[in-house]
Amino acid sequence: MGFRTMPLESALEVSNLTKRYGDILAVDHIGFEVEKGEIFGFLGPNGAGKTTTIRMLTGVIKPDDGRASILGHDVLKDGLRSRQVTGVVPEMANAYIDLSAFGNLTLMGELYGVPKKQREKSASKLLKGVRLYDRRNSLVREFSRGMKQRLLLCMALISEPQILFLDEPTAGLDVESQRLIKDMIREFNRNGTTVFLTTHNMEEANQLCDRIAIINRGRIAAIDTPEKLRMQSSGLNSVEVSFEKAVRAEELMKIEGVREVKRTGDKMRLYTDQPSIVLEGIVDFARRRGLKVVTVNTLGPTLEDVFLKLVRGS
Ligand SMILES: Nc1ncnc2c1ncn2[C@@H]1O[C@H](COP(=O)(O)OP(=O)(O)O)[C@@H](O)[C@H]1O
Ligand SMILES: [Mg+2]
């Protein structure tokens, strides 16, 4: 007799998932797993297939091929069960504008069979969490976009879902709403909720996610932790420099160890595998020209560098 270690349990299992719209292969045979307790990000540009994927996973549209299961419940064959453990913040807002914030929440709780006392208590708590409690009795039609989105998040959470799906939850929102939404996602995740979110925002994926899948044209280009995604792509170290006078990229290309030069605003970014040699080269270059260096920084690859490399092949 021995002890067996518990295998990591999946919250979400996806294989071969596919969706076509006419000639467009919106989602192209994708497969991945999300572990219980993870915040998993789907990062991709517009049109990558993020919304189509979320819609298949949450039972809004049917896949053409492949399968997916949520906590062991097949989303097609056992759709009711899988939806019962799921909360969704969809791409398009869907709160009732002629109901109050509180009314929307308690209605949602009722639909999920949350007992009256409990749903009222949860509604108050959730509204406090996203700073809407003072406005609980206002009709949603009076709400700003950021307020509506915060309410939608509360509506997704009132049933205490085991897995939460969010489709670009902070896109286009004011900074304060973004912060409140991210904090709420983190809080529920700390208490055990698994999170699947889509975003086109690298920084957001980096801040929130335990692992990220980079999706492009319906396919997954890479899956890993933000840190490993950055480390994987060698040759993306760079030295960022600005001189007091403009310098042409071609001239900087002549510095030893420089592979590529890109201009970003008033700064020049010199890509290299040997940052220290390039630093010396810059000092030398400036001295010979009688130029002053205003700022200089060595940078590791950013998630954005990795993303662009994978998505655009540049
Ligand atoms: N209902 C639809 N009818 C036709 N084409 C669609 C439909 N929904 C999405 N598409 C197409 O599928 C691709 C993926 O779209 P979508 O999943 O919305 O991407 P994302 O959410 O990543 O921006 C795009 O080319 C889009 O134009
Ligand atoms: Mg979308």
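Helix 3 spans residues 101–111 and helix 5 spans residues 145–157. Their packing angle is about 25°, and their axes lie 8 Å apart. Axes here are lines fitted to C-alpha atoms, for helices over the stretch in contact, with angles from 0 to 180 degrees between N-to-C directions. Helices (H or I, at least four residues) and strands (E, at least two) are DSSP runs, numbered from the N terminus. The model is a prediction, in which local features need pLDDT of at least 70 and side-chain atom pairs count only at pLDDT 80 or more, while totals for chains, interfaces and linings use all residues. Residues are numbered from 1 along each chain as its sequence is written, and chains are lettered from A and ligands numbered from 1 in the order in which they are written.

Helix 3 crosses helix 5 in a right-handed sense. A crossing is left-handed if the near helix is turned anticlockwise from the far one by less than a right angle, and right-handed if clockwise. Helix 3 contributes A101, N104, L105 and M108 to the contact, and helix 5 contributes L151, C154 and M155. Residues are in contact if their C-beta atoms, placed from the backbone, lie within 7 Å. Six of these contact residues are nonpolar, one is polar and none is charged. Ala, Val, Leu, Ile, Met, Phe, Trp, Tyr, Cys and Pro count as nonpolar, Asp, Glu, Lys and Arg as charged, and the others, Gly among them, as polar.

Helix 3 also packs on helix 4 (residues 116–129), at about 135° and with the axes 9 Å apart. That angle makes helix 3 oblique to helix 4. The crossing is again described as right-handed. From helix 3, A101, F102, L105, T106, G109 and E110 take part. They meet R119, E120, S122, A123, L126 and L127 of helix 4. This contact holds six nonpolar, three polar and three charged residues.

Helix 5 has a further partner in helix 6 (residues 175–190). The two axes come within 9 Å and cross at roughly 10°. Helix 5 is therefore roughly parallel to helix 6. The crossing is left-handed. On the helix 5 side lie G146, Q149, R150, L153 and L157. Helix 6 answers with S177, L180, I181, M184 and F188. The contact residues are six nonpolar, three polar and one charged.

Ligand 1 is surrounded by Y21, I24, A26, G44, N46, G47, A48, G49, K50, T51 and T52. A residue counts as near if its C-beta atom, placed from the backbone, lies within 6 Å. Strand 2 (24–35) and helix 1 (50–57) each supply at least two residues of this shell. Helix 1 gives the largest share, three residues. The shell divides into four nonpolar, six polar and one charged.

The chain is divided into domain 1 (10–230) and domain 2 (233–312), with bounds from an automatic or database domain assignment. Their centres, taken over C-alpha atoms, are 39 Å apart. Twelve residues of domain 1 and nine residues of domain 2 form the contact. On the domain 1 side, helix 7 (202–208), strand 9 (211–216), strand 10 (219–224) and helix 8 (226–232) each supply at least two residues. That side comprises nine nonpolar, two polar and one charged.

Technical notes
Two residues are in contact if their C-beta atoms, placed from the backbone, lie within 7 Å. Angles under 35 degrees count as roughly parallel, over 145 as roughly antiparallel, 65 to 115 as roughly perpendicular and the rest as oblique.
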